[in-house]
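Here are my notes on how the two chains meet. Please read them alongside the structure.

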2 protein chains.
Amino acid sequence: MAIVRQTLIYDGPGGPFEGVIAYEDEVETLRPGVLVLPNVLGQKEADNVHAENLAKLGYVGLACDVYGQGKRTTHASPNRTEYMDALNADRALLRDRLAASLAALRGFDRVDPNKLAAIGFCFGGKCVLDMARSGLPILGGVSFHGVYDRPDYENVAPIVAKLLVCHGWEDPIGPPEKTVALAQELAGSGADWQLHAYGKAGHAFTDLDRKVSTVPGVVYEPRADRRSWQAMTNFLEEVFG
Amino acid sequence: MAIVRQTLIYDGPGGPFEGVIAYEDEVETLRPGVLVLPNVLGQKEADNVHAENLAKLGYVGLACDVYGQGKRTTHASPNRTEYMDALNADRALLRDRLAASLAALRGFDRVDPNKLAAIGFCFGGKCVLDMARSGLPILGGVSFHGVYDRPDYENVAPIVAKLLVCHGWEDPIGPPEKTVALAQELAGSGADWQLHAYGKAGHAFTDLDRKVSTVPGVVYEPRADRRSWQAMTNFLEEVFG
């Protein structure tokens with residue numbers, strides 16, 4: 001049994017988009033599909049690795065693209081947030097690109113179209129929340145050190161997707177008042193949700209590119225990384241079970 | 001392999017105390033020991049079942065007693081909170097009785113005295129937090145729908161025990177401000193802590209005696225019960241690992 005990676009190019013508003021899909025090559029039954037939503041930089045090797053790790057759990061993982069083919073930045077880019085900023089300014093467009101990415105995963109011939117979920121990191125955590133808020137057909141979503149501000153459109157009522165929010169308590173982007181506001185939003189939405197707060201962890205606690213902190217409160221934290229991945233593993237077993 | 005239950009009578013301030021210890025009878029190596037701290041009613045069958053379930057996980061579980069032999073109430077008792085009230089009014093005495101219960105577990109001949117932890121429910125969750133706050137030698141503690149007010153003595157600095165706080169977001173005893181205050185306390189303590197908040201769950205979400213709610217926000221909730229037990233299982237594996 002080996003994990004295969006394959007480039008997937010797909011359409012959508014502002015596309016084409018380019019992601020990487022990963023799966024176990026010898027599995028013949030349809031598998032649940034899990035979208036991987038990247039952070040501010042866009043789809044990159046770290047997301048492909050997440051997709052591979054999801055494949056090892058028995059799923060098809062798609063490290064997807066909401067910026068557009070070739071539109072990527074690095075932490076060294078002069079305008080590292082430019083693609084994210086554009087979508088933060090147009091949450092309806094973000095929603096439609098998320099829908100396009102989900103449709104690409106759903107249409108992949110190894111994926112069970114009735115068993116879809118999404119995970120995301122930082123801005124990608126916001127993407128997961130927006131998928132749930134806008135009623136895209138995922139059974140579950142996991143936000144890792146996400147961003148919690150609401151979109152300018154109304155949430156579906158109720159939110160049907162189960163949600164797991166993995167949060168670093170020291171996250172400067174998610175201070176207690178914003179974290180409580182998210183919890184109150186979800187409590188008012190009818191959603192089945194959980195929030196796991198990790199002490200001694202801040203923003204980017206899963207990000208191996210952040211082993212050395214250059215911004216206070218933004219750093220890799222191995223315990224929260226391991227614990228949140230385990231929580232995600234349990235959660236996906238539950239939602240696909 | 002069978003699970004054995006055994007009555008354990010032990011000394012301490014205000015004792016004697018009487019609990020029930022559970023273990024797998026054919027295991028010959030020393031096993032980690034886990035204290036089960038009961039809710040307001042004191043040690044009862046539900047706590048014995050928790051101790052048995054811990055034994056099934058490979059531990060020695062002690063459903064312990066901090067009220068004193070024969071001092072128990074039921075939900076129908078006219079003074080159902082009297083023993084709890086007395087200890088809430090004397091947190092130093094509570095601490096010393098927790099120490100006595102831990103010593104009883106530690107001294108049991110099937111327990112590895114270097115591998116101790118505690119779990120607790122409602123008032124028992126407060127007991128777990130107080131064990132960590134007062135520096136009793138547990139490696140880890142799990143509070144299920146606990147109570148978060150601080151004792152009148154100073155916390156040890158740092159708190160060494162790892163902590164997992166399993167919290168129902170709709171808990172009227174733990175509204176957001178008290179929950180955030182606990183998180184801030186733990187964040188300031190140097191502890192390695194986590195807080196898992198469960199949406200759609202209130203107080204007593206593990207309590208099978210609360211399948212029918214008689215108090216708003218106080219009711220059994222099967223998802224949070226299952227998820228928190230799984231989180232505890234993972235947590236204990238980690239702390240004893």
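1. Asp192(A) forms a salt bridge with Arg227(B), and their closest N and O atoms are 2.9 Å apart. A salt bridge here is a side-chain nitrogen of Lys or Arg within 4 Å of a carboxyl oxygen of Asp or Glu. By that rule, eight salt bridges cross the interface of chain A and chain B.

2. This is a predicted model: local features need pLDDT of at least 70, side-chain atom pairs count only at pLDDT 80 or more, and totals for chains, interfaces and linings use all residues. Residues are numbered from 1 along each chain as its sequence is written, chains are lettered from A and ligands numbered from 1 in the order in which they are written, and side-chain values use heavy atoms, with hydrogens and water left out.

3. Chain A gives 25 residues to the contact, and chain B gives 25 residues. Contact means heavy atoms within 4.5 Å. On the chain A side, the residues divide into 10 nonpolar, seven polar (Gly counts here) and eight charged (Asp, Glu, Lys and Arg).

4. The two chains bury about 2,200 Å² between them, 46% of it on carbon and sulfur atoms. Buried area is the accessible area (1.4 Å probe) lost on putting the two parts together, summed over both. In chain A, Trp169(A), Trp193(A) and Arg227(A) lose the most area to chain B, together 24% of what that side buries.

5. E8(A) and strand E8 (residues 193-198) of chain B run antiparallel, joined by five bridges. Strands are DSSP runs of at least two residues, numbered from the N terminus; two of them pair if DSSP finds at least two bridges between them. Ala197(A) stands opposite Leu195(B) in E8(B).

Methods: Helix = DSSP H or I, 4+ residues; strand = E, 2+ residues; numbered from the N terminus.
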